[in-house]
Amino acid sequence: MDHQHLSTLLWREQELLDLLLFKAEEKQYLIVTGKSRWLARIAHEIEVVLEQLRTLELERAAATEQIAGRLGLEANPSLRQLADSAPTPWDDLYAKHHEALLLLVSELRGLSDTNKELIESGLAVINDALNSTQPNTAAGTYTQSGRAAGNAYRSVTLDGAL
C-alpha cells in the first residue's frame with residue numbers, strides 16, 4: 001500500500017461523511033416538518049452509510065499501519081502524526097485531509113445533537129398532550145354507570161320554553 005492508496009481512501013471517507021451529513025440534514029427536515037412516515041427509511045439509509053464507513057475505516061487502518069511502518073512510526077498513528085512524518089507532497093495532503101475530516105465530524109456532531117434535541121422536545125410535547133387528555137377525576141365527572149362521581153354537580157338541561 002502506498003500514499004496514493006491511502007489518500008484515495010481518505011477522499012472516500014470524506015465523501016461518505018459528507019453523505020452522512022446530508023442524510024442527517026434530511027432527517028432534521030423530516031423531524032421539523034413532522035413527516036415521521038419517512039424517519040424509518042432515513043434511519044436505514046444512515047445505517048447503510050455508517051456500515052460503509054466502518055468497512056472503509058478498517059481498510060484505512062491497514063493502509064495507515066503499512067505506511068507508518070515504512071516511516072518508522074509506532075503502531076496506529078493518528079492522521080496528524082502521519083502528516084508530520086510523510087514526505088512532500090503527502091505531508092500537506094494528509095494535513096488537508098485531517099482538517100477536512102475534523103470539520104465534517106464537527107458538523108455531524110452538531111447536527112446530531114440538534115436532531116436529538118428536536119426529537120426529545122417532540123416527545124415531550126406528545127407526552128404533555130397525552131397527559132392533558134386523561135380524565136381528571138377531581139373535575140366532577142360521571143362514572144361508567146352514568147351517576148355523578150364524587151361531589152360533582154349534577155348536570156341539568158334547561159328548557160327555555162318553560
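Guide: Gln-66 is part of helix H2. The model is a predicted one.

Visitor: How do I check the length of a helix, and what does H4 give?

Guide: Compare the span expected at 1.5 Å a residue with the distance between the end C-alpha atoms. Helix H4 covers residues 90-133, which is 44 residues, so it should span 64 Å; the end C-alpha atoms are 64 Å apart, in agreement. H1, with 31 residues, reaches 45 Å from its first C-alpha to its last, close to the 45 Å expected.

Visitor: Which residues of H4 are buried?

Guide: First the general idea. An α-helix has 3.6 residues a turn, so residues three or four places apart point the same way. In H4, the buried residues are Trp-90, Tyr-94, Ala-95, His-97, Leu-101, Leu-104, Leu-108, Leu-111 and Asn-115. Their cover includes helix H1 (3-33), helix H2 (39-71) and helix H3 (79-85).

Visitor: Which residues of H2 are buried, and what do they pack against?

Guide: Buried in H2 are Ile-42, Ile-46, Val-49, Leu-53, Leu-56, Arg-60, Ala-63, Thr-64, Ile-67 and Ala-68. These buried residues of H2 pack against H1, H3 and H4.

Visitor: How should I describe the packing of H1 and H4?

Guide: Two packed helices are described by the angle between their axes and the distance between the axes. For H1 and H4, the angle is about 20° and the axes are 10 Å apart. Angles under 35 degrees count as roughly parallel, so H1 and H4 are roughly parallel to each other. The crossing of H1 past H4 is left-handed. In this contact of H1 with H4, 20 residues are nonpolar, 8 are polar and 5 are charged.

Visitor: At what angle do H1 and H2 pack?

Guide: The angle between H1 and H2 is about 160°, and their axes are 9 Å apart. An angle over 145 degrees counts as roughly antiparallel, and H1 and H2 are therefore roughly antiparallel to each other. H1 passes H2 in a left-handed crossing. The residues in the contact of H1 with H2 are 20 nonpolar, 4 polar and 9 charged.

Visitor: Now the backbone. Where is Asn-76, and what is its phi?

Guide: Most residues other than glycine have a negative phi, and most peptide bonds are trans. Asn-76 sits in the loop between H2 and H3. Its phi is near 60°, a positive value in a residue other than glycine. At 62% relative accessibility, Asn-76 counts as exposed.

Visitor: Which glycine takes a positive phi just after H1, and which just after H2?

Guide: Just after H1 comes Gly-34, with a positive phi of about 75°. Just after H2, Gly-72 has a positive phi of about 80°.

Visitor: Which residues does a cis peptide bond join?

Guide: The cis peptide bond is between Thr-88 and Pro-89, with omega about 5°. Pro-89 is placed in the loop between H3 and H4.

Methods. Residues numbered from 1 in each chain as written. Predicted model: local features only at pLDDT ≥ 70, side-chain atom pairs only at ≥ 80, totals over all residues. Heavy atoms only, no water. Helix = DSSP H or I, 4+ residues; strand = E, 2+ residues; numbered from the N terminus. Expected span 1.5 Å × (residues − 1). Buried < 20%, exposed > 50% of the residue type's maximum accessible area, 1.4 Å probe, protein only. Contact = heavy atoms within 4.5 Å. Axes fitted to C-alpha atoms, helices over the stretch in contact; angles between N-to-C directions. Parallel < 35°, antiparallel > 145°, perpendicular 65-115°, else oblique. Left-handed = near helix turned anticlockwise from the far one by under 90°. Nonpolar A, V, L, I, M, F, W, Y, C, P; charged D, E, K, R; others polar.
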